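Please keep the structure in view while reading.

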Amino acid sequence: MLEPRRDAFFSLARSIAGQQISVKAAASVWARFEAEVQAVTPQAVVRKDADTLRACGLSNAKARYILSLAQHFVDGSLRLSSWPEMDDEAVIDDLTQVKGVGRWTAEMFLIFHLLRPDVLPLGDVGLQRAIGDHYLAGERPTNSQMLEVAAPWRPWRSIATWYLWRSLDAVPVNY
């Protein structure tokens, strides 16, 4: 079920920690990270250094990205109070100013935190695989093919994406 995932910082930090690693590995790293920082807040994270975060299993880059994200929250450079009223692309633009937060991470945030109903994360490998499996005889789709297949799903492409992910793996990922 799609429901908000904690607070914005927690959701984004968890998403960064889980980038490009398995769900199981991400859960292990995240558990060590949570134990280290105790409270997953920007204020708690900025008190740590990159070496401490790397000792939790984060790569050097991910440790720096999460520290940068925390600093952006602490200094107020993100427009988080405006995100609920902003359109999807404006939120993506705001979030991607943080090093380590790319379009995929911003789209996951739109889906899982802001609960936006019509996000189609074209760069998501799982969605690509599911569309290929279910609509294109197992061939990897191009972005234009994905957009064409997903056109009838508007304005509920986030929900369709979620179901396609579940078709590949029944265990949902929490961001």
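A helix crossing is called left-handed if the near helix is turned anticlockwise from the far one by less than a right angle, and right-handed if it is turned clockwise. Helices here are DSSP runs of H or I with at least four residues, numbered from the N terminus. The model is a predicted one, in which local features need pLDDT of at least 70 and side-chain atom pairs count only at pLDDT 80 or more, while totals for chains, interfaces and linings use all residues. Residues are numbered from 1 along each chain as its sequence is written, and side-chain values use heavy atoms, with hydrogens and water left out.

**Packing of H1 and H5**

By the definition above, the crossing of H1 and H5 is right-handed. The axes of helix H1 (residues 8–17) and helix H5 (residues 60–75) come within 9 Å and cross at roughly 165 degrees, where axes are lines fitted to C-alpha atoms over the stretch in contact and angles run from 0 to 180 degrees between N-to-C directions. The two helices, H1 and H5, are therefore roughly antiparallel to each other, a term used for angles over 145 degrees. On the H1 side, the contact (heavy atoms within 4.5 Å) is made by Ala-8, Phe-9, Leu-12, Ala-13, Ile-16 and Ala-17, and on the H5 side by Lys-62, Tyr-65, Ile-66, Leu-69, Ala-70 and Phe-73. Sorted by type, the residues of this contact of H1 with H5 are eleven nonpolar, no polar and one charged; Ala, Val, Leu, Ile, Met, Phe, Trp, Tyr, Cys and Pro count as nonpolar, Asp, Glu, Lys and Arg as charged, and the others, Gly among them, as polar.

**The two sides of H9**

In helix H9 (residues 143–150), the buried residues are Met-146, Val-149 and Ala-150, buried meaning under 20% relative accessible area, exposed over 50% and partly exposed in between, with a 1.4 Å probe and protein chains only. Seen down the axis of H9, these buried residues fall within an arc of 90 degrees, so they line one face of the helix; the arc is that of the directions from the helix axis to the C-beta atoms. Helix H8 (125–135) and helix H10 (157–168) are among what covers the buried residues of H9, whereas on the other side of H9, Ser-144 and Glu-148 are exposed.

**Loop features**

In the loop between H9 and H10 lies Pro-155, which is joined to Arg-154 by a cis peptide bond with omega of about 5 degrees.

Conventions:
Angles under 35 degrees count as roughly parallel, over 145 as roughly antiparallel, 65 to 115 as roughly perpendicular and the rest as oblique.
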